[in-house]
Amino acid sequence: MNPEYMQFAISLAAKAEQEGEVPVGAVVVLDGKVIGQGWNRSITQHDATAHAEIMALRQAGKVIGNYRLLDAELYVTLEPCPMCASAMIHARIKKVYFGAPDLKTGAAGTVMNLLDYPAANHKVAYEGGVLEDECREQLQAFFRRRRAEKKAAKQAAKADDNGDPCA
Ligand SMILES: [Zn+2]
């Protein structure tokens with residue numbers, strides 16, 4: 001485990017945030033080299049599958065010319081969802097390190113556990129809590145800001161209804 005890779009994933013999550021997406025970032029590492037980088041792009045790409053992990057896996061597969069990323073490790077700022085956990089199994093990822101747990105859809109032990117599902121043909125090792133505070137704070141700050149923006153927009157709409165520009 002190398003926290004520098006998680007730091008890199010956090011910087012990719014910031015890119016997602018700049019694009020108006022929920023800030024999640026992921027990197028795929030093989031033999032000490034980053035071969036895949038991804039950040040959440042579902043909204044900008046109109047693609048429900050464009051999660052950070054999927055984007056990173058896609059790039060990594062192209063880089064090594066094989067969808068099977070044997071011995072590769074993946075770092076992601078948020079616990080993977082069921083779709084991403086399954087994609088990691090298909091890609092034969094060796095181990096995933098994640099930052100914050102996902103209390104709603106975490107598929108690496110929090111809500112369910114697909115990574116070492118007994119019947120799966122490949123098991124992905126996993127470790128959570130890597131730079132957890134930093135990862136969680138990035139997400140929470142995003143949702144705080146978004147709530148504040150929504151509230152402000154609502155209040156602005158109300159003021160318009162009143163026809164009073166000073167309201
Ligand atoms: Zn996902």
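**View 1. Strands β3 and β4 pair in the parallel sense over five bridges.** Strands pair here if DSSP finds at least two bridges between them; strands (E, at least two residues) and helices (H or I, at least four residues) are DSSP runs, numbered from the N terminus. Valine 76 stands opposite phenylalanine 98 in β4. The model is predicted: local features need pLDDT of at least 70, side-chain atom pairs count only at pLDDT 80 or more, and totals for chains, interfaces and linings use all residues. Residues are numbered from 1 along each chain as its sequence is written.

**View 2. β3, helix α4 (residues 82-90) and β4 form a right-handed β-α-β unit.** A crossover is right-handed if, with the strands pointing away from the viewer, the path from the first strand over the helix to the second runs clockwise.

**View 3. Strand β4 (residues 95-100) is mostly covered.** Five of its six residues are buried, that is, with 20 or more other C-beta atoms, placed from the backbone, within 10 Å of their own. Three bridges join β4 to the parallel strand β5, where tyrosine 126 is the bridge partner of valine 96.

**View 4. Strands β1 (residues 25-30) and β3 (residues 73-78) pair in the antiparallel sense over four bridges.** Here valine 27 stands opposite tyrosine 75 in β3.

**View 5. Five strands make an open sheet with mixed pairing, in the order β2-β1-β3-β4-β5.** β2 (33-39) and β5 (125-127) stand at the edges with a single partner strand each, so one side of each has no neighbour in the sheet.

Terms used. Buried ≥ 20, exposed ≤ 12 C-beta atoms within 10 Å, placed from the backbone.
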